[in-house]
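Let's take a walk through this protein together, from its overall build to a few residues worth a second look. Keep the 3D view open as you read.

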Amino acid sequence: LSSRDNNSNNNNKAEVGHLKAICFCRPTPANIDHLGRELQQGRFQEYHLFFSGILTSGLLRLLAESDVKERIQQVQEFYADFLPINEDLWTLQSRHSLVMTTAAGTSWAPKYATQYERNLQGLQSMLLALKKQPSCIRYAGSSPCAEELAKDLHDAIQADDIFHFRRPANKGGLLALVLDRKDDPVTPLLSQWTYQAMVHELLGLNNHRVILKGAPNIAADLEEVVLSAAQDDFFFGNRHKNFGELGEAIQKLLKEYQSTTAQHNTSNLSTIEDMQAFMDKFPELRSQSHNVSKHVAIMGELARLVDVCSLMDVSQFEQELACADDHNAHWRELMEKLKSKAIKVPDKFRLGLLYALRYESLGNLHMVQSAMTKGGVPQDMVNLLQVMLRYAGAKSRGPGLYGDANNLMSKMTKSIISSVQGVENVYAQHVPLVMDTIQSLLKGKLSTRTHPVVPGSARNSAASSQSSGGMIPDEILIFMVGGVTYEEGTKIHEFNQAMKARGIQVVLGGSTVHNSTSFLDELKTTAL
């Protein structure tokens, strides 16, 4: 809209009165301003306006006042103010949300009001798209931002009948749970080994696109590729597979393609009918060829980066830092890794952060920072260690990241069992905190002290039972302010598959989808 607006101001374009204009945009004051200018010019015969969220009466009035030529034919709301990634994972693509969460409840909060509204409107849009009214709203009690968002969501539902969908009686209903990224800063720091998560961590997966430009031996048509489960059957079926399973799946895909092309070899074309059949099949073969080449290229680049960055060695130690409490062994290995020339600087930095988060109370972090500096980690990155602890240290985050006295032994036992079961499991020991939260919720053991209920949001007996640890909800909508990860998305997918028989489903959303790079980039802004 702004581009169109600027062009018309600069070039003074003539009207195109025979054309109809369709506009789909977010209902923001800026967009309404651009639309108003366009309507005042009235260059099109008709305007059909569609908004991705709730259009307030004030913004609607501004539109009406701008439509001096009465060209608007319809105004509708289509609730799609979010980006669906998987069936049970969505994002708002709202970057720089970590600093918004840290500013909540302080005098700095008004500076990030626009970002906060974006998160609130996106969450509202998701509820409207699902056509569900929460029977109960809960939030992470350690997070002022999660509390404010949950309460504002409840107020918006109470103030607008559009949220009041009919709910089946004697059902658990939908529970909305607002969490904060700072309660689990470990998950975004870990190396990933499932296809979707690994691509995002090592290559970047943004707007379903992967940039391979600059990688060795990449053809020109593969420098930027689309990786979307909605358009790619192979990716849909293998996005949650681990690295070993993925290699086998790509080998099978390649063999199937070779078999298909052998059946349609041009040397076998002996009749006009054969030629016609080949030409009918040619677009499909060409598309299949590109798809196979794409996945082979991505897999090859992932394998190269795993080898060059010694990621198998790094990842195994990351998992140990995240899952087990063994300070003496962890200290020795950390010092070895920081001295090693085979370990890349970003990986040394992440290992230092993971150690600091687990052992921050031991008082030896200055030695860790010194070793990081000697290992080649730049000083500005070393300084982020203290920033991380201010953002998500033990005094800032909620409970449960490393367990508690009651379940520490079970966590250690699980870690040992995972290690003996095979090397594949060594890289997948870690379970994100959100999964423990879900399990506690379904067992009726999620404390209202750590995850309070928004007053007045439990609207019926079922919801009241939920808030007191009774009836289990049929659906859980989790929104993580500050961003989610693909690892969490994979765990949610596995959970939903396992719970199909019980009819329980979880949908996970967040401000953005982080990898370690984006998470640490946003962490820097919290220091300002």
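## Overall build and confidence

The protein's secondary structure comes to 21 helices and 13 strands. This is a predicted model, and its 528 residues include 51% that are buried. Among contacts with a separation of 6 or more, 79% join residues 24 or more positions apart.

How far does the predictor trust its own work? The mean pLDDT is 88, and 85% of the residues reach 70 or more. Confidence is highest in strand 11 (residues 484-485), at 98, and lowest in helix 16 (residues 408-421), at a mean of 45. Across residues 413-424 the pLDDT is below 50, and this stretch has 10 contacts in the model beyond its near neighbours in sequence.

Leaving aside residues up to four places away in sequence, Val199 touches Gly204, Leu205, Val210, Leu227, Ile298 and Leu302.

## Helix 7, an enclosed helix

Why is helix 7 described as largely enclosed by the rest of the structure? The reason is that 7 of its 8 residues are buried. These are Tyr195, Gln196, Ala197, Met198, Val199, His200 and Glu201. After helix 7 comes Gly204, which has a positive phi, near 95°.

Tyr486 has a relative accessible area of 5%, so it is buried, the cut-off being under 20%. Not counting residues up to four places away in sequence, Tyr486 touches Ile85, Leu89, Gln196, Ala197, His200, Leu205 and Val513. One of these partners, Val513, is 27 residues from Tyr486 in sequence and 7.0 Å away in space, C-alpha to C-alpha.

Asn496 is buried too, because its relative accessibility is 8%. With residues up to four places away in sequence set aside, Asn496 touches Asp88, Ile504, Gln505 and Val506.

Rolling a probe the size of a water molecule over the atoms shows where empty space is left. Searching the whole structure turns up 3 cavities of 30 Å³ or more. The second largest cavity has a volume of about 50 Å³.

What lines the second largest cavity? There are 13 lining residues, and Gln192, Glu201, Thr485, His514 and Asn515 lie nearest the centre. By type, the lining divides into 4 nonpolar, 7 polar and 2 charged residues. Helix 7 (195-202) and helix 20 (486-498) each supply at least two residues of this lining, and the largest share, 3 residues, comes from helix 7.

## Helix 18 and its cover

Helix 18 (residues 433-442) is mostly covered, with 7 of its 10 residues buried. The buried ones are Leu433, Val434, Met435, Thr437, Ile438, Leu441 and Leu442. Their cover includes strand 6 (136-139), strand 7 (174-180), strand 10 (475-481), helix 20 and strand 12 (505-510). Gly444 follows helix 18 and has a positive phi, near 75°.

Most residues other than glycine have a negative phi. Glu70 is not a glycine, yet its phi is positive, about 55°. Glu70 is found in the loop between helix 3 (57-66) and strand 3 (72-77). Is Glu70 buried or exposed? It counts as exposed, because its relative accessibility is 66% and the cut-off is over 50%.

His96 also has a positive phi of about 55° without being a glycine. His96 sits in the loop between strand 5 (89-91) and helix 4 (98-103). With a relative accessible area of 45%, His96 is partly exposed.

How values were computed: Residues are numbered from 1 along each chain as its sequence is written. This is a predicted model: local features need pLDDT of at least 70, side-chain atom pairs count only at pLDDT 80 or more; totals for chains, interfaces and linings use all residues. Side-chain values use heavy atoms; hydrogens and water are left out. Contact means heavy atoms within 4.5 Å. On a 1 Å grid over the protein atoms alone, a cavity is a set of points where a 1.4 Å probe fits but cannot get out, and a pocket is an open set with protein on both sides within 12 Å along at least five of seven lines; lining residues have an atom within 4 Å of a point. Grid points are joined across faces, edges and corners, and a volume is the space filled by probe spheres set on the points. Helices (H or I, at least four residues) and strands (E, at least two) are DSSP runs, numbered from the N terminus. Ala, Val, Leu, Ile, Met, Phe, Trp, Tyr, Cys and Pro count as nonpolar, Asp, Glu, Lys and Arg as charged, and the others, Gly among them, as polar. pLDDT is the predictor's confidence in each residue, from 0 to 100. Buried means under 20% relative accessible area, exposed over 50%, partly exposed in between (1.4 Å probe, protein chains only).
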